[in-house]
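Me: I would like to learn how to read a structure like this one. Please show it, and then we can go through its features in turn.

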Amino acid sequence: MAAPSLEAVVSLAKRRGFVFPSSEIYGGLNGVWDFGPLGVELLRNLKEAWWQAMTLREDIEGLDAAILMHPRVWEASGHVEQFSDPMVDNKVSKMRYRADTLIEEYIERLRARGRTEEAQRWEEQLRQAVEPHDYYRIIVEAQIPDPVSGTREWTEVRHFNLMFKTFFGPVEEDSSIVYLRPETAQGIYVNFLNVLQSSRQKIPFGIAQIGKAFRNEVTTKNFLFRTREFEQMEMQYFVKPGTEQEWFDYWLQERYRWYRALGIAEERLRVKPHQKLAHYAAAAVDIEFLFPFGWGELEGIHSRTDFDLRRHQQFSGKRLEYVDTVTRERYIPYVVETSAGATRSFLAILCNAYEEESIPTDRGSTEKRVVLRLHPALAPIKVAIFPLVNRDGMPELARRLYEQVRRRLRADYDDSGAIGRRYRRQDEIGTPFCVTIDGQTLHDETVTVRDRDTMEQVRIPMSRLVEYVWERVQLPV
Ligand code: GAP
């Protein structure tokens, strides 16, 4: 299965109403995207698949915390001080880069040219870099040129905090600064006690949340991969200290299994330990997907110790402990986090599903078919209904069937153009089933159901259609 080009996926997404550039009539807004009629369905289905995988469990509760939070939250979490990227500008081209990415891309180029030893040397230095001057020294010593101007005239490397700031209330002064959350996780930590006290959970248990997050990324790229506004699906699992490794292994396996169950090919998934840990993590691995532009993180599994709860206890003055009702033991729980990007996973799902193939036509030639092989549970439209021809009562019957079906399933009705063209239109948006009302339907009330992937047709009674499709579009468990 060849990976599609990113351009092909972006073009389909725009053409068929999955994703549009934000504020496009004003020229767009860099790193911000809107989800169109089909995109919003696919994204909702994806989030629903995650929500069910989490909250149908006995040991996980859901939450929807506000995007705006008390500014002290971000001091306690370490984001005010440490959530930054090293940034460097080229003085000639005026281009701005993340210093670590600039170095990484240079190392990749060295590798591609067979200069492996040099690549390894700089890679080792990059791994050890912490402060801005560490990155600056590598850029200067390795004589890394600007990919745009080719010059080596760099500014000093500076830290750039990624949180968006805004003002709370009518006065624009420092004391009224609040942040748009850069991760949803903190909404879970500050509600840990509320959830514990209002549910009947005992440790180990988790809290799951889906919501928007915002990061003022230095550079955005690769369509939905790195954007400034995005959505996360995060779950914090609270465990007894000492058991975190076992839960870390468990959740890594569960999350990997989830992507596989949604149809992501095994050869396009891998697990990669973090080379550098975030300020809150004691251990971390990424589940990565092979995007058209290379491997990229889909989800991080992080062992966050008691870092966040302990800091919130310290900053808020509220005890955030758990009391074991049997042993009377008191402790601040450790946390294993599963942190996935909903919008980034959406891109992975699209790239994984996109295929171009050549199929035979009735006239003996071949034609190109673009097909989105989406898991039926994720497909925006589950079934499309067509009259074979626009006469003999077929459109009326097809329309009646459509009116019945659309109350139970996302359905489409199409009576324009040749039947082959109508199939192509549905294949391209991943509709798993196409139903045709033909001459025989008028006599025996049966319809043909064509399968998107095999293109095979079966004939079933019209009265069984909803049940037939329903059974086949359920979420994997
Ligand atoms: N709470 C931990 C956390 O936020 P992260 O690795 O920074 O960890 C988790 O982010 C996931 O969020 C990533 O694996 C990715 O899927 C998604 N994500 C992060 N930054 C993103 C961005 N700028 N655009 C799109 N998705 C992003």
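Reply: Start with a term. A polar contact is a pair of N or O atoms within 3.5 Å. In this model, which is predicted, a polar side-chain atom of Glu217 lies 2.8 Å from a nitrogen atom of the ligand.

Me: Which atom of Phe225 lies 3.3 Å from a nitrogen atom of the ligand, one of the backbone or one of the side chain?

Reply: For Phe225 it is a backbone N or O atom. With Glu337 the atom belongs to the side chain: a polar one, 2.8 Å from a nitrogen atom of the ligand. As for cover, the ligand taken alone exposes 550 Å², and the protein buries 94% of that.

Me: Which residues around the ligand come nearest?

Reply: The ligand has 21 residues around it, and the nearest are Glu183, Glu217, Thr227, Glu234 and Glu297.

Me: Now a single residue. Where is the place of Asp308?

Reply: Asp308 sits in helix α11, which covers residues 307–316.

Me: Why does Asp308 count as buried?

Reply: The general idea is a cut-off: buried means under 20% relative accessible area. Asp308 has 2% relative accessibility, so it counts as buried.

Me: What does the side chain of Asp308 make a polar contact with?

Reply: Its partner is the side chain of Arg304, at 3.0 Å. Contacts in the wider sense need heavy atoms within 4.5 Å. Setting aside neighbours within four places in sequence, Asp308 is in contact with Gln186, Tyr189 and Tyr280.

Me: How many helices and strands does the chain come to?

Reply: The chain has 16 helices and 23 strands. Its C-alpha atoms fill a box of roughly 75 × 65 × 50 Å, taken along the principal axes. Of its 477 residues, 51% count as buried.

Me: What is left to read on the outside, and what of charge?

Reply: The chain exposes about 23100 Å², with carbon and sulfur atoms supplying 49% of it. There are 66 positive and 72 negative side chains, and the centres of these two sets lie 2 Å apart.

Notes:
Residues are numbered from 1 along each chain as its sequence is written. This is a predicted model: local features need pLDDT of at least 70, side-chain atom pairs count only at pLDDT 80 or more; totals for chains, interfaces and linings use all residues. Side-chain values use heavy atoms; hydrogens and water are left out. Helices (H or I, at least four residues) and strands (E, at least two) are DSSP runs, numbered from the N terminus. Buried means under 20% relative accessible area, exposed over 50%, partly exposed in between (1.4 Å probe, protein chains only). A polar contact is a pair of N or O atoms within 3.5 Å; within protein, one must be able to donate a hydrogen and the other to accept it, and residues adjacent in sequence count only if both atoms are side-chain atoms. Accessible areas come from the Shrake-Rupley method with a 1.4 Å probe; for residues, only the protein chains shown count as cover. Lys and Arg count as positive and Asp and Glu as negative; His and the chain ends are not counted. The place of a charge is taken as NZ of Lys, CZ of Arg, CG of Asp or CD of Glu. A residue is near a molecule or strand if one of its heavy atoms lies within 4 Å of it.
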